[in-house]
Amino acid sequence: MKGITMSTDEAPPASSGGGRTEPPAFDTSRANQARVYDYLLGGKDNFAADRAAVDAWLEVDPELPFTVRSNRAFLGRVVRYLTAEAGIRQFLDIGTGIPTAGNTHQVAQGIAPETRVVYVDYDPTVLAHARALLTSSQSGATEYIDADVRDTERILEQAGQLLDYTKPVAITLLALLHAVPETDKPYDIVAALLDAVPPGSYLVISHAGSDLLDAGQHDSLMGVADRMIQNKIAYRSREQLAPFFDRTDLVSPGLVRVEEWRPDPGAVSTGRSTLWGGAGRKR
Amino acid sequence: MSTGTPGDDRPDRGPVELSAEATVLRMLLGAQLRRLREAADISAEKAGYEIRASRSKISRIETGRVGLKIRDVEDLLTLYGMTEPQERSRVLDLARQSSTPDWWTKYGDLLPGWFESYLGLESAAETIRSFQVQFIPGLFQTEEYARAVTCLGHQAAPAEEIERRVTLRLLRQELLSRPAPPRVWMIMDEAVLRRPYGGPGVMRAQLRHLLEVAQLPHVTLQVVPFSHGGHAAASGSFSILRFAERDLPDIVYIEQLTSAVYLDQRPDVEHYLEVVHRLSGEALTPAATTRFIEQVADET
């Protein structure tokens, strides 16, 4: 990955159907999901518009901070499980977000230093941090790709410089697919990614659940998102998420709220998140 | 930071580590005073009048760049309507703890006040992000490079003063090797690497030193090459200091010839934050930067 501005390269469109592939502008006048998460995780790389969107969101969904923290904790547990128990040594982490403590490579390489991690994000705020900070540990290797999840061809090609597709890969899509509306064919995207990796690979998803909110909340949140957030947000029900895991066997306990996915022994949950989470092993 | 530092004449105070802490405490105190003042809807002018100080002194107090007398804190608390004895004593304790002397006190004669403030903030910061267009950042300078730069800036100074200035700069660098060092993220214009202060030999050694520093896990270096054309920071060098405490705002530091500007108001800070984000997106990655510096060293 060298490239300063790779966005104007040939970059083939990801999916045939009207997918938007140009990266978002670095626009601080509207909130974006990466910076909103940063703010909720206690970071300072956020701007007035991000904080205003969080304030509006909290009016409707006071559990948002818990949800965001739970998603981060889910990432830690799932990467630990995959590295320590499932023997995974390659990760493709799409929708990286602004680096904070306990990033995928730190968790995985902390357990198995030879683990290779490729991060992918298209957010310019993430780009700045990721290129500078998500650097390689000594024996493993970490790379960052500046690309949109809709651009699966490019992601797979570039990630292939570090990842060996003849060996299992864990593909993690955390709090990402709800920013991919139906028109951008999220199911095709996930299928294309899974196609590239061998049986024994894993797919990990966390996703905002429309059925984890009541209808009034859902409508109000979509209003806030439309008005204040750059990313298009599309919540999905648990039933709508199931097809993402076609061709995989879900790891116990299946598709559950993220804080309920293999919680640490003795952990007491202090809230209820609005994210479904699960991990499936490719057949 | 270890030997030969001031504070030695205050046996009950640990030496230097405390100075960083004192700065943070001053900042926390300042942040509290600002909150109280704003809640009481009192202008900085009026607050300044109360303690016979200017509006800008109040601003320096509220950003923790200067300490203040306990009596002044008491007067301000009264003005802001804080009468509850327990709450008052909490703030006053903070004020007392924050008045530890700093390690650079013995170099005070060399340091303009505005730069002393920077040293305090720098040693208290959790992250230092900076863009440099002219000089190798002070934290990364070799002794010879520092001497060359210092001689230029102080041509009439006696040799002894030059040496003390160089020593001061090198002492500052102990920040990088202390137990919990700050993350230092430097973006440099290619010009920084090309201008051979002290001559090609000094510069080559300096560039090699830069390559060593770049290996430190808490240091990130990025270069914006000339070939990139224009970049997001048309303005010039600046630093953004970030502190671990959630309450403390980032501070932007911009040095001028005879003074410095400190920005801590959110809209100003966010403007610089946006620029530094763009810059690091435009600059070479750390890995490419290392290769680039090696190449420049070969050409120097």
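Trainee: Why does A:L163 count as buried?

Mentor: Its relative accessibility is 4%. Buried means under 20% relative accessible area, exposed means over 50%, and partly exposed is in between (1.4 Å probe, protein chains only). At 4%, A:L163 therefore counts as buried. Bear in mind that this is a predicted model: local features need pLDDT of at least 70, side-chain atom pairs count only at pLDDT 80 or more, and totals for chains, interfaces and linings use all residues. As for bookkeeping, residues are numbered from 1 along each chain as its sequence is written, chains are lettered from A and ligands numbered from 1 in the order in which they are written, and side-chain values use heavy atoms, with hydrogens and water left out.

Trainee: Where is A:L163 found, and which residues is A:L163 in contact with, leaving aside its neighbours within four places in sequence?

Mentor: Look in the loop between α6 (152-159) and β4 of chain A. Helices (H or I, at least four residues) and strands (E, at least two) are DSSP runs, numbered from the N terminus. Contact is heavy atoms within 4.5 Å, and with those neighbours left out, A:L163 touches A:Q90, A:F91, A:L92, A:R116, A:V118 and A:V169. There's also A:V197, 34 residues away in sequence, with its C-alpha 9.9 Å from that of A:L163.

Trainee: What does chain A look like as a whole, in helices and strands?

Mentor: Chain A has 9 helices and 8 strands. Of its 283 residues, 59% are buried. Among its contacts with a separation of 6 or more, 76% join residues 24 or more positions apart.

Trainee: What makes phi of A:K185 and A:R247 worth a look?

Mentor: Both have a positive phi without being glycine: near 55 degrees for A:K185 and about 70 degrees for A:R247. A:K185 lies in the loop between β4 (170-174) and α7 (186-195) of chain A, while A:R247 is in the loop between α9 (238-241) and β6.

Trainee: Which peptide bond is cis in chain A?

Mentor: The one joining A:S252 and A:P253, with omega about 10 degrees. A:P253 sits in the loop between β6 (248-250) and β7 (256-257).

Trainee: How do you know that β2 (residues 116-121) and β3 of chain A pair?

Mentor: Two strands pair if DSSP finds at least two bridges between them. Here there are 6 bridges, in the parallel sense, with A:D121 opposite A:D146. Strand β3(A) (residues 141-146) is mostly covered, with 5 of 6 residues buried.

Trainee: Over to chain B. Why are α4(B) and α5(B) called roughly antiparallel?

Mentor: The axes of α4(B) (residues 70-79) and α5(B) (residues 85-97) come within 10 Å and cross at roughly 150 degrees. Axes are lines fitted to C-alpha atoms, for helices over the stretch in contact, with angles from 0 to 180 degrees between N-to-C directions. Under 35 degrees is roughly parallel, over 145 roughly antiparallel, 65 to 115 roughly perpendicular, and the rest oblique. The pair is therefore roughly antiparallel. From α4(B) the contact uses B:I70, B:V73, B:E74, B:L77 and B:T78, and from α5(B) it uses B:R88, B:V91, B:L92, B:A95 and B:R96.

Trainee: How do you know that both faces of β3(B) are covered?

Mentor: On one side B:V219, B:L221 and B:V223 are buried, and on the other B:T220, B:Q222 and B:V224 are too.

Trainee: What makes the pairing in the chain B sheet mixed?

Mentor: The open sheet of 6 strands runs β3-β2-β1-β4-β5-β6. The edge strands are β3 and β6 (260-263), each pairing on one side only.
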